[in-house]
Amino acid sequence: MAVDVKYETKAKATGGRDGAAETLSGSFKVKLATPKELGGAGGEGNNPEELFAAGYAACFIGAMKFVGGQEKIAVPADTSITSTVGIGPRSEGGFGLAVALEVSLPGLDKAVAEDLVAMAHQVCPYSNATRNNIDVKLTVV
């Protein structure tokens with residue numbers, strides 16, 4: 001499937017999970033650290049799963065706003081998503097991810113919120129990138 005790219009960014013990582021990453025524009029820089037649960041020292045620094053969790057949550061809110069605009073559904077200003085990203089060995093070999101998005105749409109009727117979340121899941125680029133590869137659980141809280 002072709003993508004008509006409207007924006008792109010570049011980032012560079014060095015040192016792997018115990019290194020650093022930054023955008024080539026210089027607007028973002030992060031120290032990386034492997035969690036103890038994955039055999040690392042833990043400590044200061046973030047890991048790719050944390051970055052993915054934050055990015056997916058922010059992007060999904062954007063998708064809900066896009067769909068909300070099309071469907072005439074006002075997305076509350078205090079909408080939030082708690083994104084959980086897990087990593088571990090796959091039964092087929094290698095490693096895999098699991099994602100859970102807990103979506104809070106305060107004041108929105110639950111049925112309307114669930115429909116909005118389902119529609120956003122069809123247009124969100126992160127959802128499209130992970131579909132049929134990562135188990136993504138969606139919950140309206």
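Visitor: In which sense do β4 and β5 pair, parallel or antiparallel?

Guide: In this predicted model, β4 and β5 are joined over 10 bridges. One of the facing positions is T82, which stands opposite E102 in β5. The sense in which β4 and β5 pair is antiparallel.

Visitor: Which residue in the turn between β4 and β5 has a positive phi?

Guide: The two strands β4 and β5 form a hairpin, with 5 residues between them. In that turn, a positive phi of about 105° belongs to G93.

Visitor: How many bridges join β5 to β6?

Guide: The strands β5 and β6 run parallel. Across this pairing, A98 stands opposite D135 in β6. The number of bridges joining β5 to β6 is 6.

Visitor: Which element gives the most residues to the largest nonpolar core?

Guide: The largest nonpolar core has 25 residues, and F60, M64, I81 and L105 have the most contacts inside it. Elements giving two or more residues to this core are α1 (48-71), β4 (80-89), β5 (95-104), α2 (110-123) and β6 (135-140). With 9 residues, the element that gives the most is α1.

Visitor: Which residues does F60 touch, leaving aside those up to four places away in sequence?

Guide: F60 is among the residues with the most contacts inside the largest nonpolar core. Leaving aside residues up to four places away in sequence, F60 touches I81, L101, V103, V117, A120, H121, C124, S127 and L138.

Visitor: How many residues apart are R17 and E49, which form a salt bridge?

Guide: The closest N and O atoms of R17 and E49 are 2.6 Å apart. R17 lies in the loop between β1 (11-14) and β2 (20-23), whereas E49 lies in helix α1. The pair therefore links distant parts of the chain, and the separation in residues is 32.

Visitor: Is E49 buried or exposed?

Guide: The relative accessibility of E49 is 9%. A residue counts as buried under 20%. Because its value is 9%, E49 counts as buried.

Visitor: Why does E92 count as exposed?

Guide: The side chains of E92 and R90 meet in a salt bridge, at 4.0 Å from N to O. R90 is partly exposed, with a relative accessible area of 40%. Exposed means over 50%, and E92 counts as exposed because its relative accessibility is 59%.

Visitor: With which residue does D4 form a salt bridge?

Guide: The structure holds 3 salt bridges. In the one formed by D4, the closest N and O atoms are 2.9 Å apart. D4 is exposed, and so is its partner, K6.

Conventions:
Residues are numbered from 1 along each chain as its sequence is written. This is a predicted model: local features need pLDDT of at least 70, side-chain atom pairs count only at pLDDT 80 or more; totals for chains, interfaces and linings use all residues. Side-chain values use heavy atoms; hydrogens and water are left out. A nonpolar core is a set of buried Ala, Val, Leu, Ile, Met, Phe, Trp, Tyr and Cys residues joined through side-chain atoms within 4.5 Å. Buried means under 20% relative accessible area, exposed over 50%, partly exposed in between (1.4 Å probe, protein chains only). Helices (H or I, at least four residues) and strands (E, at least two) are DSSP runs, numbered from the N terminus. Contact means heavy atoms within 4.5 Å. Two strands pair if DSSP finds at least two bridges between them.
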